[in-house]
Amino acid sequence: MRTIQSGFLTRFCCLTAFILLLSIPARAQETIDVGKTGWDVKRPVIAAACEIGCPWGELGEYVQKAMKPYGYSVILCRNCNRSLGPKLVSTKDVPPPLDEINLNDGTNVRINAKVDFGITSSAMLSSAYNGIGGKPGQYRNLRLIAKLEDPYYFLVAARKESGIKDFATIKQKKLPVRIVGSDGAMLAILNYYGITPADIEAWGGKMRVSNEEAIKGEFDIFSGFMASPALNPESAIWTTISQKYDLYFFEFPEELLKQIASTSVDAELIEVHHSLLRGVNRRIKTLGRSGESIFARDDTPDQAAYDLAKAIDENHGDLKWFIRIYTYDPLTVYKNFGVPLHPGAEKYYREAGYLKN
């Protein structure tokens, strides 16, 4: 009798949950027609990102405002983010359907228009043009307009209560550590100390711990290349974890740091200063990366590229008001790891005296 009742209750609960799920309204989302777009009508579409602090989102707003005095009405594509921008610009494509990540970021409108130019990280633009891992780049028609500096850091930290202060101890004691950030950098660190992911699992630890698990305290090692005190979606986890838990930040041999840097076009040896985050109580030698790039296709009219480069320069003082630490450097604005500069932008930088060779 109990078995029958239990089965009935299980089916009843499942049916109730299903009915409740159906009663939850879907998050509003729509595709809108924005009319005629393109450089010829001064209504170009830019591959940007969300408006809740996404770097490419706020830089998209910056470009939109900067171009207005020149008669341009820049249209922001809010879901042309992540790795999508270079491809969409290169192939003159329309934005993809909205996905769950877009909706979680508050982006519920998709525009139905071809993308003309975009914003992405300097490393992603380089990979799109030059290729990566020996493979040639797919998007050779991309051209740089401007590179803006935007520093973030590679950091690795352990929960202080674990007592771990070096990876040699992990191997020596076969500690069952739970690791957040099992990317190439972390694999290089483990390999340097003679540890494999299989070792970590065999000792009772765990690779690929999620950020959600980390927030609940289910971690021992926290690692990543997006460390920053800024609260944009990509970096906010560092502030959350460092404020919630006591951390010890590692410092690695320069030899190892150079190995990790060799796998990325934009990583360089730097020093993190005291108090970048809670728990950073000394200067730490590590790696840094910097660069967000505004880019376009090679068929972008020279005058439009010139206007864009000029508008970005003339309004670069506005960059200090965003949540990321953006700066405009006349010595680097026209360089992006071998990606060609658009002739229109080049003309402006020569007139401004930034580009002299």
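Predicted model: local features only at pLDDT ≥ 70, side-chain atom pairs only at ≥ 80, totals over all residues.
Residues are numbered from 1 along each chain as its sequence is written. Local features need pLDDT of at least 70 and side-chain atom pairs pLDDT 80 or more, while totals for chains, interfaces and linings use all residues; side-chain values rest on heavy atoms, with hydrogens and water left out.

**Whole protein.** Display the C-alpha trace, which spans about 75 × 60 × 40 Å along its principal axes. Colouring by secondary structure shows 13 helices and 16 strands, taken as DSSP runs (H or I, at least four residues; E, at least two) numbered from the N terminus. Of the 357 residues, 49% are buried, meaning under 20% relative accessible area with a 1.4 Å probe, protein chains only.

**Strand 8.** Select residues 142-148. Seven of the seven residues of this strand are buried, so it is largely enclosed by the rest of the structure. Arg-143 stands opposite Ala-296 here.

**Ile-145 and the core.** Centre on Ile-145, whose contacts (heavy atoms within 4.5 Å) include Ile-294, Leu-308, Ile-312 and Tyr-349. Ile-145 is among the residues with the most contacts inside the largest nonpolar core, which has 58 residues. Such a core is a set of buried Ala, Val, Leu, Ile, Met, Phe, Trp, Tyr and Cys residues joined through side-chain atoms within 4.5 Å. Helix 12, residues 302-314, supplies the largest share of this core, seven residues.

**Second core.** Finally, select Leu-190, Tyr-193, Met-207 and Leu-287, which belong to a separate core of 26 residues.

Definitions and conventions
Buried < 20%, exposed > 50% of the residue type's maximum accessible area, 1.4 Å probe, protein only. Pairing = 2+ DSSP bridges. Lists of a residue's contacts leave out its neighbours within four places in sequence.
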